[in-house]
Amino acid sequence: MKPPIENENGGDKSTRQRVPAHRRHLRKLLVATGIIVLAVAGITVGLTSLLSQKSHAAQLTCGTNPSTCGFPDATSTGVPSGTTLKTVGTGTGQVSSGAGWTLNSGGWVAVTGSGATLSGLNIPYGVVISANNVTLNNDNIVTGGTTAIGVSLRHTSGVTIQNTTIAGKDSGANRIMTGIKDIFSDSTGLTVNHCNISLWETGIQAESGLIENNYIHDPGFIAGDHTNGVMSNGGTCC
């Protein structure tokens, strides 16, 4: 071991030089700054992770509550809550016809008048439209069966279906085959907006038009069904 080196003042000086005071202060400052940086980084990572978990948790509710994620659901489609409906039928207090439409004895509502509007009706039958510029608005249409169709379009143009609920009677044998169907695949100018369609094999089948802001959900099923939300056979839908 080497002996101490004597300095010019007579004292001993170790082989390791003492760190000047200003450097020691700088080192402490850098260490403290590093600790602060690490702490801030840790908080940032923690908050990011927490927010990510909350965002992920919110996404998990989309299926049961689509409106929380900005999608249509029962709160924004179909017949608006509080709407008073008049039932189509032949019983007391019911209606069996109107401007451009009539309840057919075969068990469906036939719409034959151009420009006809059916609004505020509870319709326990299929609706067959064979006229142009027809509007269904704020209607409740419930029917069911192997080949049942909620709304049939036959060579139409400019049909609008909005704020309307269309459903089968149950999810099995009385589901509807199709909620809205362009029978001959030649109807044009169709608009389907803010409708609530459920208990179907196919929700909507159309070849052209605008289909948006609808809640198409809860399909029914019987053996042999080919389940579809919105279906096109190759036209310019939708």
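Both Arg-175 and Asp-225 are buried, where buried means under 20% relative accessible area, exposed means over 50%, and partly exposed lies in between (1.4 Å probe, protein chains only). The model is a predicted one, in which local features need pLDDT of at least 70 and side-chain atom pairs count only at pLDDT 80 or more, while totals for chains, interfaces and linings use all residues. Residues are numbered from 1 along each chain as its sequence is written, and side-chain values use heavy atoms, with hydrogens and water left out.

Arg-175 forms a salt bridge with Asp-225, with 2.8 Å between the closest N and O atoms; a salt bridge here is a side-chain nitrogen of Lys or Arg within 4 Å of a carboxyl oxygen of Asp or Glu. This pair links distant parts of the chain, 50 residues apart: Arg-175 sits in the loop between strand 14 and strand 15, and Asp-225 in the loop between strand 20 and strand 21 (228-231). Strands (E, at least two residues) and helices (H or I, at least four residues) are DSSP runs, numbered from the N terminus. Arg-175 has a relative accessibility of 1% and so counts as buried.

The count of salt bridges comes to two. In the other pair, Glu-201 meets Arg-175, with the closest N and O atoms 3.5 Å apart. Through shared partners, Arg-175, Glu-201 and Asp-225 are joined by salt bridges into one network.

An open sheet of eight strands runs in the order 4-5-6-9-12-15-18-21, with mixed pairing; two strands pair if DSSP finds at least two bridges between them. Strand 4 (97-98) and strand 21 stand at the edges with a single partner strand each, so one side of each has no neighbour in the sheet. Strand 5 (residues 101-104) and strand 6 (residues 108-111) run antiparallel and are joined by four bridges. One detail of this region is that Asn-104 has Trp-108, in strand 6, as its bridge partner.

An open sheet of six strands has parallel pairing and the order 3-8-11-14-17-20. Its edges are strand 3 (86-87) and strand 20 (215-217); each has a single partner strand, so one side of each is left without a neighbour in the sheet. Within this sheet, strand 14 (residues 165-167) and strand 17 (residues 196-198) run parallel and are held together by three bridges. Thr-165 stands opposite Asn-196 in strand 17. In general, the strands of a sheet pair through backbone hydrogen bonds, either parallel or antiparallel.

Asp-139 is buried yet has no salt bridge, and the nearest side chain of opposite charge, that of Lys-86, is 12 Å away; for charge, Lys and Arg count as positive and Asp and Glu as negative, while His and the chain ends are not counted. The side chain of Asp-139 does reach backbone nitrogens: that of Gly-120 at 3.1 Å, and that of Leu-121, which lies 2.9 Å from a polar atom of the side chain. Beyond residues up to four places away in sequence, Asp-139 touches several others, including Val-79, Leu-118, Asn-163 and Thr-165, where contact means heavy atoms within 4.5 Å.

Asn-163, one of those contacts, has a feature of its own. Its phi is positive, about 50°, although Asn-163 is not a glycine. Most residues other than glycine have a negative phi. Asn-163 is found in the loop between strand 13 (160-162) and strand 14, and is partly exposed, with a relative accessible area of 24%. Leu-199, in the loop between strand 17 and strand 18, also has a positive phi, near 60°.

The cysteines complete the picture. The structure holds one disulfide, defined as a pair of cysteine sulfur atoms within 2.5 Å. This disulfide joins Cys-62 to Cys-69, with an S to S distance of 1.9 Å. The torsion about the S-S bond is about -95°, so the disulfide is left-handed. Cys-69 is partly exposed, with a relative accessible area of 26%, whereas Cys-195 counts as buried at 0% relative accessibility.

Notes
Polar contact = N/O pair within 3.5 Å; in protein donor to acceptor, adjacent residues only side chain to side chain.
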